[in-house]
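Biologist: Could we go through this model together? I shall ask about the chains in turn.

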Amino acid sequence: MTRLPAFLGALRRDMPWPLLAAPLLFFAAFFAFPLAVVLVASVTAADGGGLTLAHYARVLLDAYHWDILWLTLRIAFVTTAIAMMLGYPLAYYLVRVVEARWLRRACVVLLVIPLFTSNIVRSFGWMVLLGRVGIVNETLQGAGLIERPIRFLGSETGIVIGLVYILLPFVVLTTGNAIAAIDRRLEEAASDLGAGPAQRFRTIVWPLSLPGLLSGAVIVFTLAVSAYVTPALLSSGRVTVFSMLIYQQYASVFDFHYGGALSVVLLVATLLLLWAAAAIDPTRRRT
Amino acid sequence: MTAPVAGAALPLLDIRDVAKRYGRVAALAGVSLEIGQGEFVALLGPSGCGKTTLLRCIAGFVAPDSGMIAIDGIDVTALPPHRRPLNTVFQNYALFPHMTVAENVGYGPARRGVPRAEIAREVDAALAMVGLDGFAPRRPSQLSGGQQQRVALARALINRPRLLLLDEPLGALDLKLRKQMQLELKRLQARLGITFVFVTHDQEEAMTMADRIVVMEGGSIAQAGPATEIYARPCSRFVAGFIGEANLLDLVADPDGRLRARIGGAAIVAPLSGSGSGVGLSRVGMLRAEALRPATADVPDAVAATVTDVVDTGGQVLVHLDAAGIALMMRRLGDARAAFAAGQRIHVAWSPEALHVLPEQAG
């Protein structure tokens with residue numbers, strides 16, 4: 001108890017309150033408050049009554065919800081894995097191989113421009129490309145690689161393709177920053193100590209860029225888990241992910257209590273996975 | 001160029017006509033240098049003189065436009081750094097931040113496929129050699145600058161290179177630690193017998209540590225030789241001014257075949273040596289600051305001067321003088337500081353043999 005006043009004193013000394021006021025207010029108004037509303041709704045009875053865990057029971061005891069949760073996480077995992085595999089070489093190429101600055105800038109702009117476009121527009125674009133008579137299928141058929149068009153739309157594959165495309169820049173940007181921050185003299189030192197190009201990559205560049213790759217992966221994973229527009233458009237109503245379930249409850253059924261419980265379950269599941277990932281993070285400081 | 005140390009039939013490092021341009025700037029304008037086994041050589045010069053570029057050419061990080069570099073008689077000009085039989089201590093050390101001290105030091109042996117247990121033993125020995133026993137499990141970020149410097153040294157020396165390159169190795173240390181490391185490096189080099197080539201812009205550091213100093217200017221070697229020789233007989237205005245405090249005097253040949261510079265009423269006289277003789281021939285003479293001494297007016301050739309500044313560095317005082325428009329510097333021991341004050345009129349003198357006449361081509 002005696003430590004509390006000291007703690008408050010330290011807080012007053014070390015926290016620049018005027019600087020923090022604006023973000024704190026914003027955070028409270030647009031994040032903490034809505035989240036609290038959702039939380040409260042998820043544990044109160046629909047008839048305006050007292051506390052209840054009935055909504056959670058409804059979510060967790062229904063195998064259908066578990067199937068959808070598993071499907072959602074699977075899509076997010078696969079999306080994250082592919083985005084990492086595509087993003088790392090791309091980031092390395094942009095930072096280390098492209099020498100002309102204007103070309104690097106142009107590439108980064110090309111990479112970022114899609115982020116300025118509406119998700120809906122881009123997803124519609126993919127619908128055109130991935131449809132039964134879309135460019136992708138026609139090309140594959142024309143090349144004689146497939147006989148019948150592949151069904152991308154309305155499948156997990158289609159959703160993953162759309163999500164990877166939309167989320168790839170996050171991996172490239174975080175990884176690219178990490179690679180660019182590596183002191184080139186470290187590689188010179190490794191080279192001086194007898195390491196060839198492959199060994200330099202394995203022992204210096206890869207471990208030092210891994211935190212960037214992983215933070216990109218976390219961003220991609222969380223965005224993929226909660227993505228709504230892309231899965232909704234590319235699923236053609238045939239595949240349902242968790243966010244679509246939540247949307248239905250809020251927008252069509254108007255059951256804020258059940259919808260709130262669904263939201264909290266998805267949030268907790270995501271947080272648990274991120275926590276588990278952090279616990280096995282190979283880049284964590286060993287002290 | 002000075003010959004390599006006696007007994008070395010083949011120079012360990014043979015640099016021939018190495019040139020490197022960056023755009024229009026010639027970083028190295030055809031440098032040739034031989035360094036013998038076991039030598040401790042300093043590449044000395046102001047920033048931009050090409051000393052670092054030369055070191056990076058030797059290490060293999062910079063490919064020369066022309067010329068040849070051989071180590072132990074083997075042409076390594078086209079070899080990448082990881083195939084050259086040398087190691088480098090980098091400026092700011094370039095320790096691997098994601099590895100422990102032990103992993104840093106063991107990096108070289110691990111690349112050569114030395115077994116784990118053997119690496120651990122070698123790492124312990126290397127850390128003991130630089131006085132860092134017990135630091136193996138730490139991270140570089142947990143070490144002081146001096147400790148990081150030692151780790152960098154251990155990381156290079158564990159590979160038992162024939163040649164160790166050091167790029168401003170002590171530049172980031174404070175003065176006291178720096179002096180201590182200078183002596184330690186010199187002792188270590190003498191004990192291991194490894195050839196050291198180190199780059200510095202600090203003339204005192206070069207004089208303290210090196211057997212031979214290579215002074216560089218504008219991408220070329222201005223002078224190479226033992227420290228004492230470079231100090232006593234610099235070959236150019238640049239070298240004279242870069243190392244120690246030098247008084248440079250313009251001398252003109254008299255009809256009697258002697259060089260003279262007139263300062264106030266007195267004349268500095270030096271015999272004209274070498275081939276070029278004739279009235280009006282001009283040369284530059286150098287007097288080290290410590291060659292000047294206070295004198296009385298009746299001493300022959302004493303020069304009258306006004307004290308303009310007294311710079312007290314503790315052990316020594318540097319007295320700046322104005323002798324009829326010519327600036328002179330006189331160095332005295334610190335206990336003489338009370339004898340001088342700005343504005344004071346004094347006389348100074350020196351012995352004639354203290355005057356070194358720079359070679360003819362000196363600019």
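Biologist: To begin, what percentage of the 287 residues of chain A count as buried?

Modeller: In chain A, 29% of the 287 residues count as buried. A residue is buried if 20 or more other C-beta atoms, placed from the backbone, lie within 10 Å of its own, exposed if 12 or fewer, and partly exposed in between. Please note that this is a predicted model, in which local features need pLDDT of at least 70 and side-chain atom pairs count only at pLDDT 80 or more, while totals for chains, interfaces and linings use all residues. Residues are numbered from 1 along each chain as its sequence is written, and chains are lettered from A and ligands numbered from 1 in the order in which they are written.

Biologist: How many helices and strands does chain A have?

Modeller: Chain A has 13 helices and 0 strands. Helices (H or I, at least four residues) and strands (E, at least two) are DSSP runs, numbered from the N terminus. The C-alpha atoms of chain A fill a box of roughly 70 × 70 × 35 Å along the principal axes.

Biologist: And what share of its contacts comes from residues 24 or more positions apart?

Modeller: Among contacts in chain A with a separation of 6 or more, 74% are between residues 24 or more positions apart. Two residues are in contact if their C-beta atoms, placed from the backbone, lie within 7 Å.

Biologist: Turning to the interface, how many residues of chain B are in contact with chain A?

Modeller: On chain B, 16 residues are in contact with 16 residues of chain A. Strand E6 (86–89) and helix H3 (107–111) of chain B are the elements that give two or more residues to this side, and H3(B) gives the most, with 3 residues.

Biologist: How does that side of chain B divide into nonpolar, polar and charged?

Modeller: The side of chain B that touches chain A has 7 nonpolar, 6 polar and 3 charged residues. Here Ala, Val, Leu, Ile, Met, Phe, Trp, Tyr, Cys and Pro count as nonpolar, Asp, Glu, Lys and Arg as charged, and the others, Gly among them, as polar.

Biologist: What is the order of the open sheet in chain B?

Modeller: The 4 strands of this open sheet in chain B have the order E2-E1-E4-E5, with antiparallel pairing; two strands pair if DSSP finds at least two bridges between them. Strand E2 (25–35) and strand E5 (74–75) of chain B are at the edges, each with a single partner strand, so one side of each has no neighbour in the sheet.

Biologist: How many bridges join E1 to E4 of chain B?

Modeller: Strand E1 (residues 13–22) and strand E4 (residues 66–71) of chain B run antiparallel and are joined by 5 bridges. B:Arg16 stands opposite B:Met68 in E4(B).
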